[in-house]
Amino acid sequence: MSIQVRDLSFSYGSHQVLHDVSFDIPDGTLVGVLGPNGVGKSTLFRCILGLNAGYGGSIHVNGKDLRQLSIRERAHEVSYIPQSHAPVYDYEVLDVVLMATGSDLKMLSTPGKAQVARAYAALERIGVAHLAHRTYTQISGGEQQLVLIARAIAQDAQTIIMDEPTSALDYGNTVRVLSCVRQLAREGLSIVQSTHNPDQAFLYSDKTLVINHGRIQAFGNPHDIITSELISDLYGVEVEVNSLYGDKVRVCVPVHELEQA
């Protein structure tokens, strides 16, 4: 199993955010995490990344107890792609990816041929090697997100956590990024990404994890668990879930908008 979470609880002071959360994520699986704002998705990610250390319960990543791992060891097990990234300096794309290889280096040492080769290989794997010597701040938002995926790959971790990776992208870049992510899962990586779009879960995810009020409301095949009732309960909007293309695709349609049309 890539990730095993058992009875996970976490509080900010007296405010408990996560309540007895338990789930398993197999290797080579793309998991979409659904839930409204403020229900604990980002807190769950921070716990898995080791950024929120004071949690109750246990988290194992690739069979290793997260509490027993150093920062350097965690970097070899799980990588993170944030929702937004605002670089300050005009680094080249290659340098941005090279930053992920730092866990293999000693303090104040310089990346060598092996690290540079790994960074190039990651860019080629994602299909953006032609951007290697472009300035990161001067490429498009979709290209930046693909570069961050390449950086996560260069980190050489088996598991990638992604916090709403397409929230600021246009439609075309959203499709390109999600197609890339799905392919990486098919190649054996385990990827956990949060989204507010149930349609993305239907089309791309192997499993969907639904969080509400700090608890797991549902977990399983998106075609089995994402229903009109579930989405209406999560987001407070009455919807119909409709099937297209022989049930290869499902879409959520707000009932109120249909009535007003």
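Four salt bridges turn up in this structure, a salt bridge being a side-chain nitrogen of Lys or Arg within 4 Å of a carboxyl oxygen of Asp or Glu. The model is a predicted one, where local features need pLDDT of at least 70 and side-chain atom pairs count only at pLDDT 80 or more, while totals for chains, interfaces and linings use all residues. Residues are numbered from 1 along each chain as its sequence is written, and side-chain values use heavy atoms, with hydrogens and water left out.

One of the salt bridges brings together the side chains of E77 and K64, at 2.7 Å from N to O. This pair links distant parts of the chain, 13 residues apart: E77 sits in the loop between α2 (71–75) and β6 (78–81), and K64 in strand β5 (residues 64–65). Helices (H or I, at least four residues) and strands (E, at least two) are DSSP runs, numbered from the N terminus. E77 counts as buried at 10% relative accessibility, whereas K64 is partly exposed at 39%. Here buried means under 20% relative accessible area, exposed means over 50%, and partly exposed is in between (1.4 Å probe, protein chains only).

Another salt bridge joins E187 to R125, with the closest N and O atoms 2.8 Å apart. E187 lies in the loop between α6 (171–186) and β8 (190–194) and R125 in helix α4 (residues 113–126), so the pair ties together parts that are 62 residues apart in sequence. Both ends are partly exposed, E187 at 43% and R125 at 42%. R250 and D247 also meet through their side chains in a salt bridge, at 2.7 Å from N to O. In that pair R250 is buried, at 17%, and D247 is partly exposed, at 28%.

Now for the sheets. Strands β2, β1, β4 and β5 form, in that order, an open sheet with antiparallel pairing; two strands pair if DSSP finds at least two bridges between them. β2 (15–25) and β5 stand at the edges with a single partner strand each, so one side of each is left without a neighbour in the sheet. Strand β4 (residues 56–61) and β5 run antiparallel and are joined by two bridges, and H60 stands opposite D65 in β5. Helix α1 (residues 41–48) lies across β1 (3–12), β2 and β4, at about 115 degrees to β1. Axes are lines fitted to C-alpha atoms, for helices over the stretch in contact, and angles run from 0 to 180 degrees between N-to-C directions.

The other sheet described here is open too, with six strands in the order β6-β7-β8-β3-β9-β10 and mixed pairing. Its edge strands, β6 and β10 (215–220), each pair on one side only, and the twist averages 20 degrees from one strand to the next. Strand β7 (residues 159–162) runs parallel to β8, with four bridges between them, and I161 has V192 as its bridge partner in β8. Helix α5 packs on this sheet, touching β6 and β7, and its direction makes about 170 degrees with that of β6; contact means heavy atoms within 4.5 Å. Helix α6 lies across β3 (30–34), β7 and β8, at about 145 degrees to β8.

Finally, α4 and helix α5 (residues 141–154) pack at about 130 degrees, with their axes 8 Å apart. Residues making the contact include R118, A122 and R125 of α4 and L146, I149 and I153 of α5.
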